[in-house]
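Please look at the structure first.

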Amino acid sequence: MRVNRSITAVAAGGLALATLTACGGNSSGTANGGKTSASGVLNISMPDGASEKDNNNPYLATSASSHLGYRYVIYEPLAMVNLADPNSKPTPWLATAWKWSTDYKSVTFTVHDGVTFSDGSAMTPDDVAYSFQILKQYAALNSNALPIDQVTTSGNQVTVTFTQSAFVIQAKVLSTFVVPKKIWSAMKDPTTDSVTHPVGTGPYVLKTFTPQTVTLDARSSGYWQALPKVSELRYSTYTGNDTETQALVTGATEWSYVFIPDAKTVFAGRDPHYKLWFPPSLSADGLWFNTTVKPWDNQYLRQAVGMVVDRADIFNEGEAGYFKPEIDNITGLPSPAGDSFVAAQYKGVKGQKTPADAKALLTAHGFTYNGSTLMDPAGKPVTLTLTDPAGWSDYQTDLSIISDNLKSIGISATVDKADTDAWFSSIASGKFQAAMHWSNGGATPYDMYENIMNGADLEPVGTAANSGNYGRFNSPQATQALKDYANATDEATRTAALNTLEQIMVEQAPMIPTSAGNYGAEYSTKHWTGWPDDSNPYMPIQPTLTQSLDVIMHLTPATS
């Protein structure tokens, strides 16, 4: 399976992001010029293939630094956003403070003094400003699609203005990493140029590169805060999930993000030091319908399917009881990440009902039964083709469960084990009936709902929909509510817009949410402690996210 499906760019922020001022970087220590000694090795790996190419361009998704995640220990963000706890305030990093305008069309950063790049040069407000200007200049580098208008500096402050409200992308703005202007402005084409000697403000520098393993050393001096206790990071790539799992079980790697069938026995049960932590993100995996295909353009039929899909079975069997947490609220918002956003009328309301409830809904809206077979309002048997790539074992199990569930209301469903490339093409072009798929996620429900039902992403069948709304859900009301949420200047307006989106999700069921995305990882406490977990969810733990640096900064050697 493709374990990276749920990893998205750091996404939209809530009001906690609006204004924050502080002095330091993180809770692992105060700034002291990087003089604290570091010791020990941490092994990190991903199942990304047999080899990586020697490219450390942090902007390119195809680079080794992006695949394995080590770009984030070299290049640092302005702030660390804890997506594992959307209600928490971001941690100041290269910015000590920031303040948004009331309409969220501009933000002013106060730049941290005394920060140096790994080549010894000082980081200045000009470097911070350039790190936004390069995104405006080169759209191919602007993976978060920040609508940057102007960037100006004044003393130690940098102001960025936007062409529209940035309320829903606050976390993306704060997570922008800083690059040295002197180096990047001299590149011929930063959208394609390979970077073999990366220079950033982070505590680590590249030591050696091989196609299988990349080694980074902690800086010997000049880091702006206390050095991490981990002196060496080794990032490795494995051919797939099986070899990655074997590396975890044997202790060859200590930190990874991979789907492991029966993980609680195969991995966590092998050693008390082996841990699983998979906090849910504000996103949803689930059954997406092509709403242009009859009879699946009928909202009551889609609602009825949602009533009988067994989400607990999908979690326990398809997701091995840990990987993608169950979503049972009818709005599709996962708990606990989405609890504070659920409208009063839907709090505690589950999506799953009984087959009798589903049949009653169907027969009240023009559907009939011929024996045990469900007939649509045109008198035709209702059938459904469910499709996902053959190698995605969790989704294939999910589809098998859903197919069995649909028998309870008279729907005959077949499962197509598709070729991966053909599947991606079919989903984008709208040439499918139903598929398990994921949504975007962020610090508010906006990203999830926008990805599922934004009319701005609507494309005719046959034309690739690359930004979302793969089910071709056409609801002007949903599109307007998304605009209202994104551009609101007060909380009451945002709440009203979100309540509308939740109602549409419940009553029109453009997709059936079953499982939350996650920010999780498998890890070992044998040599290192200080990892985030349920008792201290200070940051998401996925090793390829921006926040992985903060996790490393918290680690201390385990006592024997």
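## The second largest pocket

The lining of the second largest pocket has eleven nonpolar, two polar and two charged residues (Ala, Val, Leu, Ile, Met, Phe, Trp, Tyr, Cys and Pro count as nonpolar, Asp, Glu, Lys and Arg as charged, and the others, Gly among them, as polar). A pocket is an open set of points on a 1 Å grid over the protein atoms alone, with protein on both sides within 12 Å along at least five of seven lines; lining residues have an atom within 4 Å of a point.

The volume of this pocket is about 330 Å³, taken as the space filled by probe spheres set on the points, which are joined across faces, edges and corners. It has 15 lining residues, and A84, P279, P280, P336 and D534 are the closest to its centre.

The model is predicted: local features need pLDDT of at least 70 and side-chain atom pairs pLDDT 80 or more, while totals for chains, interfaces and linings use all residues. Residues are numbered from 1 along each chain as its sequence is written, and side-chain values use heavy atoms, without hydrogens and water.

## Cavities

A cavity is a set of grid points where a 1.4 Å probe fits but cannot get out. There are two cavities of 30 Å³ or more.

The second largest cavity has a volume of about 30 Å³. Its lining consists of W288, F289, I452, N469, G471, F473 and P510. Five of these residues are nonpolar, two are polar and none is charged.
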